[in-house]
Amino acid sequence: MYGNASELFVESFHSSITFNVVLTNKLNFMRKIFFIFLVACSFIQLHAQEEYTLSGYLKDASTGEELLYATVAVKGTTIGANTNLYGFYSLTLPAGTYDIIYSYIGYQSKTEQVILDKNITLDVEIDTEANQLDEIVVTADAEEDENIRNTEVSVVTLDVAKSTKIPVLLGEKDVFKTLQLLPGVASNSEGGSGFFVRGGATDQNLVLLDEAPVYNASHLLGFFSVFNSDALKDVKLYKGGIPAQYGGRASSVMDIRMKNGNMREWQASGGIGLISSRATIEGPIVKDKGSIIVSGRRTYADVVGRLFTDALDGTSLFFYDLNAKANYKVTDKDRIYISSYFGRDALGIENFGFDWGNQTFTSRWNRTINEKLFVNTSVIYSDYNYGFDISAGEIEIDLSAGIFDYTLKQDFNYYPNPNNKVSFGWISNLHRFKPVNFVFNNTEDDNIEFQNALESGLYAGNEQKINSRLSLNYGLRFSIFNNIGPYTEKVYDDENNVIEETSYEEFDFYHTYTGLEPRLSSTYLLNEKSSIKFSYNRNFQYLQLLENSNSGSPTDVWIPSSPFVAPTIADQVAIGFFRNFNNNTYRFSTELYYKTLQNTVDYEDGAEIFGNSDLEAELIFGEGRAAGAEILLEKTKGKLTGWVSYTLSRVRNRADEINNGDWYSARQDRTHDLSIVAIYELTPKINFSGSWVYYTGDAVTFPAGKYFIDGTLVNLYTERNADRLPDYHRLDLGFTWIMKDSKKFYSDLNVSVYNAYNRKNAFTITFDENDAGQTEATRLALFGTIPSITWNFRF
């Protein structure tokens with residue numbers, strides 16, 4: 001079925017250059033713009049004194065893992081640099097002798113004296129701190145005041161290891177659940193791992209695992225994420241101020257990086273819980289040259305359930321996932337990485353079966369061209385598919401669908417001087433949309449065609465220090481989206497009947513969208529402990545998710561932009577104030593944002609989703625806007641650490657066909673969202689944790705009355721999302737006991753209680769007639785109090 005994918009990919013690249021004279025002219029124009037841009041941002045003031053470059057990698061001393069976003073600073077000055085996504089740094093200075101400070105959160109800083117009389121390559125290793133329990137989960141960077149000085153606006157970097165202390169549903173540690181406790185990030189449902197960012201829908205979040213897009217990041221119908229924390233090294237969420245190298249989604253980017261594996265010695269770790277277990281093994285292929293890591297996880301909820309009830313006999317309900325990664329240092333300048341993920345969910349009840357999953361594969365080649373220029377080349381594959389089958393007597397029904405990506409990209413980092421870090425590159429991504437394929441009694445419905453599209457982008461950006469107070473991060477992205485045949489383009493009348501068809505052959509480029517996406521972030525230091533930050537970004541989203549439910553069903557359908565479906569365009573501005581207090585023990589930040597959305601997509605009422613070859617005729621298009629204020633107060637030192645997060649927001653949508661064309665509350669509109677998180681270290685081996693969340697109930701549509709049609713009583717609905725579920729609140733508690741902590745063996749016991757005071761939060765409210773003919777409202781609550789226990793180990 002996919003045999004012609006490589007042929008289509010090659011043909012797509014060739015055709016994308018020659019198919020349209022207008023597009024070619026635009027590309028030539030962009031080349032000129034990029035050339036002028038690079039000359040401008042790479043301008044170096046001439047100095048009488050000769051300059052040299054210090055470059056290399058910063059690594060963990062015990063494992064050899066490269067440290068991302070670490071700080072490299074010249075002692076006694078404000079001059080410095082940060083390592084990139086692969087731990088590489090470059091610093092150009094006048095000839096002389098310098099004390100260079102290397103630092104990273106949770107690690108001991110290290111100072112190296114460097115006599116810079118030539119270009120020097122220096123790889124540095126630093127050790128972890130002996131006691132990490134007083135560090136907070138959420139961090140901005142290695143230096144304590146880096147959150148004040150850097151140009152990152154609306155960005156969260158999550159410490160994966162320390163997020164495990166926060167209690168979550170069924171004790172399954174989950175980076176998504178931790179992010180939901182931060183301002184501007186909201187869960188999409190009770191206990192769910194899906195999330196909304198600043199009023200955006202779930203499909204407006206780009207989730208990347210080692211650069212590969214993950215189209216459904218949830219297990220068990222949304223209650224767990226697909227990411228096994230044991231395999232992860234770094235998680236970074238961009239709510240705004242999105243750099244130019246990222247594109248394709250309207251609201252946010254979550255960039256997740258897997259561990260490379262221990263370069264020094266073999267190590268195993270894992271955990272055993274009530275409904276799941278996990279195991280990880282890592283070690284060197286060749287010491288200090290290459291390593292490998294393999295991490296697996298599986299649930300067994302159905303197996304445990306059968307011990308307590310016979311009702312689950314013959315039922316399967318589980319998920320599993322596997323992460324693997326290998327890397328090898330070919331030369332001092334070249335390194336290759338290969339990483340993959342495979343995950344699957346399975347649900348089976350008697351004659352009904354349902355399964356879905358993701359597969360990703362990333363191959364990367366890093367090359368240090370010289371002391372100032374670093375390049376990474378990536379080949380990426382991503383596959384998300386789902387299906388279910390039903391058997392009832394002689395009736396058999398099978399349904400399947402999916403989306404497949406084939407990506408080639410290159411990213412360059414250029415370091416002309418300490419005041420500029422230039423990034424530029426390109427990406428081309430071939431999307432193949434497998435439509436909903438319906439099979440009834442071995443008869444396949446072949447009326448729905450595969451759709452193909454090529455999404456490409458060129459970008460350039462620069463992180464520039466203007467003076468001691470003002471820093472900028474600016475860039476431009478040019479995106480191109482080509483629809484590729486074979487395809488039948490249809491025109492519909494007001495009743496959704498087809499009145500005209502145009503057929504396109506294989507490899508025909510039948511429609512093109514382009515977009516310019518400017519990006520800007522800035523930081524102005526008021527003093528050493530406070531700053532004001534501003535950001536603006538425009539994003540084009542060329543893929544849309546047609547959702548079936550609030551919880552993020554795996555049967556949601558991805559569709560491409562087309563002559564009928566325009567891309568969503570998002571513009572967002574944000575301004576924030578950042579302040580550190582009491583020797584950086586406390587951090588305070590507040591941000592205001594405003595976002596507009598063009599070409600949002602929704603269903604018509606009563607739309608047919610499955611097996612509908614004319615689904616696009618049942619779509620409606622509109623606009624959206626979101627505004628909000630975010631406040632975050634963190635305590636980062638002492639026995640008691642944690643944070644208080646609050647978001648005040650409003651999210652509104654409008655479409656001519658809905659609500660008489662008036663603005664209405666979006667599904668993700670939540671006026672108030674409050675989270676309080678605390679971690680208390682009783683002793684070096686015992687700590688307690690807790691989190692309390694409160695937010696405004698979801699916007700929903702309740703019936704306003706009833707009426708009869710042909711003797712049948714039906715509900716009357718008026719304004720969309722004019723009602724609310726009851727406000728949501730919940731308390732979670734946790735306890736961790738470090739049972740053994742030595743160089744050869746570590747183990748801890750984690751006990752947590754989800755929803756400690758047994759709040760019956762409404763998941764849905766339904767309205768039915770009782771025997772007396774009266775309407776009754778029935779509240780469905782998913783979870784009461786749920787205890788869990790997990791034993792974790794490492795040796």
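Does Y694 count as buried, exposed or partly exposed, and at what relative accessibility? Y694 counts as partly exposed, at 22% relative accessibility, where buried means under 20% relative accessible area, exposed over 50% and partly exposed in between, using a 1.4 Å probe and protein chains only.

Welcome to a quick tour of a predicted model, in which local features need pLDDT of at least 70, side-chain atom pairs count only at pLDDT 80 or more, and totals for chains, interfaces and linings use all residues. Residues are numbered from 1 along each chain as its sequence is written, and side-chain values use heavy atoms, with hydrogens and water left out.

**Aromatic pairs**
- Searching the whole structure turns up 30 aromatic pairs; rings of Phe, Tyr and Trp (its six-membered ring) pair if their centres lie within 6.5 Å, and planes under 30 degrees apart count as stacked, over 60 as edge-to-face and the rest as tilted.
- F564 and F621 form an edge-to-face pair, because their ring centres are 6.1 Å apart and their planes stand at 65 degrees.
- This pair links distant parts of the chain, 57 residues apart: F564 is in the loop between β36 (557–560) and β37 (568–581), while F621 belongs to strand β39 (residues 619–635). Strands here are DSSP runs of E with at least two residues, and helices are runs of H or I with at least four, numbered from the N terminus.
- F564 is partly exposed at 33% relative accessible area, and F621 is partly exposed at 29%.
- W692 and Y694 are stacked, since their planes are at 15 degrees with ring centres 6.3 Å apart.
- Y57, Y86, F88, Y337, F374 and Y415 are linked into a cluster by ring pairs.

**Charges over rings**
- R298 places its charged end over the ring of F318, 4.1 Å from the centre; the criterion is NZ of Lys or CZ of Arg within 6 Å of the ring centre and within 35 degrees of the ring normal.
- W663 has R625 over its face, at 3.9 Å from the ring centre.

**Nonpolar cores**
- The largest nonpolar core has 35 residues, of which F176, F227, L232, V235 and I256 touch the most other members. Such a core is a set of buried Ala, Val, Leu, Ile, Met, Phe, Trp, Tyr and Cys residues joined through side-chain atoms within 4.5 Å.
- A second, separate core of 27 residues includes Y215, W356, A401 and Y603.

**Strand β35**
- In strand β35 (residues 543–546), L543 and L545 on one side and Q544 and L546 on the other are all buried.
- β35 pairs with β36 in the antiparallel sense over four bridges, where pairing requires DSSP to find at least two bridges between two strands.
- The bridge partner of L546 in β36 is V557.
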